[in-house]
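Subject: The structure you asked for

Hello,

Here is the structure, with the sequence alongside. Please open it first, and then read on for what turned up.

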Amino acid sequence: MKKQLLFMAIAGLFTSIASAADLYVRDLGAGGSYATISAAITAASDGDRIIIRPKASSLPYVENLIIDKSLTLVSEINFSRYVLQGTITISPLAGRVVTLHNVSSNFALSVSAATTGGRTTLNVYNSLFSSITADKANTSLNMSGCTTSTVALSHGRCTANTCQQFAVNGSTLESNPATEDIEIIANNITSGGGGIIVNQKNYSFRLLNNFLPSGNISVNLAKNGSSNEIRNNVINYGTYSALYIDVAIGTAATFMVLNNELATSSTTSSYAEIHNNNTGTATVYAFNNISASTFTTIGTIAASGNIGNVTLSINSSTYTVTGTGIVNGGAIDDEYADIDLTRNDIGNFGGSDSWANYWPTAVGNKPQVNYLNTPRRIYTGTTEMNATGSGYSK
């Protein structure tokens with residue numbers, strides 16, 4: 001019986017693999033392909049891949065796409081984007097996974113509604129959109145290497161993107177929550193106002209190694225009992241608090257704020273590098289942060305090792321910050337060590353999630369890392385040290 005069950009499982013695996021198909025889309029349906037992406041979507045089955053050839057002279061496919069299946073859309077030419085003149089709308093369904101590679105569009109990408117009975121997952125890599133809206137309940141957005149104006153999500157992992165703002169929304173509890181934290185890592189966020197806005201109460205979150213040369217981070221809703229991390233960011237905001245935590249009284253959340261370059265030029269009493277507006281149950285720890293002005297806090301904050309009045313220079317072209325105390329100025333704990341295993345540098349090039357992982361100096365026609373987690377501790381006993389990484393071809 002065991003052998004029979006094993007044979008059936010193997011046969012089912014090969015049947016599943018064999019059932020997936022590649023459908024081609026080319027201009028005017030050349031070579032027996034589909035002439036439009038919409039026609040290929042209609043003909044496709046769950047698990048298929050649609051391979052789209054960029055048109056000559058960057059001419060666009062002029063169509064609005066509704067994706068109502070688990071599909072992967074990729075470019076037929078490596079390292080080249082196909083141009084779409086139209087919107088992409090994802091219809092949600094429990095277990096649906098849609099992956100988009102190499103799209104160039106001046107229109108919006110969105111998930112149309114909340115998912116019931118499970119989760120919808122949207123993966124977006126090396127693409128351009130006017131905006132990405134995936135903040136419906138029970139939806140995960142994973143994006144890397146993309147350029148857009150605003151990103152709205154309820155859950156997911158976003159690495160190495162250029163955008164104006166991340167809005168992490170979720171004011172009601174999800175019925176089918178994911179098991180992973182929200183991670184916003186190594187992004188270039190260009191907004192002159194709220195760069196990262198957290199307004200959700202379903203997940204712990206990690207905001208790591210982001211570069212905000214003219215915006216701030218604000219947390220308005222947090223998961224009760226959550227442990228959250230705001231580390232190695234460059235936050236330069238001259239008109240309000242660099243980090244503003246304003247979760248509701250009664251929300252017992254913890255925020256670890258360390259190894260950041262936090263700067264505000266304001267000297268009025270209502271502005272600070274870190275502002276905890278919850279005087280009851282939110283616990284904020286602030287360690288090893290630096291500021292160009294006198295380092296100030298408002299509210300109940302356990303602060304240590306923070307340094308103010310440091311000469312800093314922020315370069316929005318090279319995405320770097322230089323100044324006294326940045327190199328080896330972060331936490332001594334080896335958990336936060338740099339990728340060369342020296343003491344943590346302050347800012348977006350420090351620690352395991354350094355920009356060096358996600359933004360190589362000579363990108364060329366190379367794959368792109370979209371996640372890398374390399375723990376710094378060597379454990380003893382039965383606990384292993386596991387490194388996790390993934391990438392994608394452009």
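Strand 18 (residues 182-185) and strand 21 run parallel and are joined by four bridges. Within that pairing, I182 has F205 of strand 21 as its bridge partner. Strand 21 also pairs with strand 24 (residues 227-231), again in the parallel sense, over three bridges. There, L207 stands opposite I230 of strand 24.

What covers strand 21, and on which faces? Both of its faces are covered: F205 and L207 are buried on one side, and R206 and L208 are buried on the other. As a general point, side chains in a regular strand alternate between the two faces of the sheet.

N202 sits in the loop between strand 20 (194-200) and strand 21 (205-208). With a relative accessibility of 10%, N202 counts as buried. Its side chain reaches the backbone nitrogen of E174 at 2.7 Å. Setting aside neighbours within four places in sequence, N202 is in contact with G170, T172, L173, E174 and K223.

A152 has A167 of strand 17 as its bridge partner.

Another open sheet has three strands, ordered 3-6-9, and its pairing is parallel too. Strand 3 (61-62) and strand 9 (103-105) stand at its edges with a single partner strand each, so one side of each has no neighbour in the sheet. Strand 6 (residues 82-85) pairs with strand 9 in the parallel sense over three bridges, and L84 stands opposite S105 of strand 9.

There is also a run of pairings through strand 5. Strand 2 (residues 49-52) and strand 5 (residues 72-75) pair in the parallel sense over four bridges, with L73 of strand 5 as the bridge partner of I50. Strand 5 is in turn joined by two bridges to strand 8 (residues 97-101), and these two run parallel. L73 turns up here again, standing opposite L100 of strand 8.

Next, the aromatic rings. The count comes to eight aromatic pairs. F211 is buried, at 0% relative accessibility, whereas Y319 is partly exposed, with a relative accessible area of 25%.

Y285 and F287 make a tilted aromatic pair, 6.1 Å centre to centre and with 40° between the planes. Y285 is partly exposed, with a relative accessible area of 31%, and F287 is partly exposed as well, at 27% relative accessibility. Returning to F211 and Y319, these two form one aromatic cluster together with F349, W355 and W359.

The charged end of K55 sits over the ring of Y61, 4.5 Å from its centre. R157 lies over the face of Y371, 3.5 Å from the ring centre.

Finally, a word on confidence. The mean pLDDT of the protein is 89, and 90% of its residues reach 70 or more. Over residues 5-10, though, the pLDDT is below 50, and this stretch has zero contacts in the model beyond near neighbours in sequence. Residues 13-17 also stay under 50, with zero contacts beyond four places in sequence. Where pLDDT is low, the predicted coordinates should not be read in detail.

Best wishes

Methods:
Residues numbered from 1 in each chain as written. Predicted model: local features only at pLDDT ≥ 70, side-chain atom pairs only at ≥ 80, totals over all residues. Heavy atoms only, no water. Phe/Tyr/Trp six-rings, centres within 6.5 Å; stacked < 30°, edge-to-face > 60°. Buried < 20%, exposed > 50% of the residue type's maximum accessible area, 1.4 Å probe, protein only. Lys NZ or Arg CZ within 6 Å of the ring centre and 35° of its normal. Pairing = 2+ DSSP bridges. Polar contact = N/O pair within 3.5 Å; in protein donor to acceptor, adjacent residues only side chain to side chain. Contact = heavy atoms within 4.5 Å. pLDDT = per-residue confidence, 0-100.
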